[in-house]
Amino acid sequence: MGNKAEAPGQISARLLDEVEQLRTSLESALEENARLMEDRDRLGRRVTQLSQDLQAARSAPPPAPPPCRPSNRDRPKRSCASPSRNCRS
């Protein structure tokens, strides 16, 4: 018979090792969960702020358009007082 029964001390040591590994994994998972919760809360606050900014922007009156400058073609042409002068249009 190649299978020997483990001694009670060996079983206890193996189980203690497994328990320690599980405890370490649980602690890591709890830390990751805490980080994710902080990220969720931070992102929730950011969404709320952006939503408020968007509502404020939509409710604000539209900005006044910039003053219009007449283009060269819209300006009246200058007329010369006498035909002998070189006038520019």
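Tutor: Buried means under 20% relative accessible area, exposed means over 50%, and partly exposed lies in between, with a 1.4 Å probe and protein chains only. This is a predicted model, in which local features need pLDDT of at least 70 and side-chain atom pairs count only at pLDDT 80 or more, while totals for chains, interfaces and linings use all residues. Residues are numbered from 1 along each chain as its sequence is written, and side-chain values use heavy atoms, leaving out hydrogens and water.

Student: Is Arg-40 buried or exposed?

Tutor: Arg-40 is exposed, at 51% relative accessible area.

Student: Which residue forms a salt bridge with Arg-40?

Tutor: Asp-41 does, with the closest N and O atoms 2.9 Å apart. A salt bridge here is a side-chain nitrogen of Lys or Arg within 4 Å of a carboxyl oxygen of Asp or Glu. Asp-41 is partly exposed, at 36%.

Student: How many salt bridges are there by this rule?

Tutor: The count is five. Among them is the pair Glu-32 and Arg-35, at 2.6 Å from N to O.

Student: Where do Glu-32 and Arg-35 lie?

Tutor: Both are in helix α1 (residues 8-59), three residues apart, which is about one turn of the helix. Helices are DSSP runs of H or I with at least four residues, numbered from the N terminus. Glu-32 is partly exposed at 36%, and Arg-35 is partly exposed at 45%.

Student: What about Arg-42 and Asp-39?

Tutor: They form a salt bridge, with the closest N and O atoms 3.7 Å apart. Arg-42 and Asp-39 are three residues apart in helix α1, so about one helical turn separates them.

How values were computed:
Helices (H or I, at least four residues) and strands (E, at least two) are DSSP runs, numbered from the N terminus.
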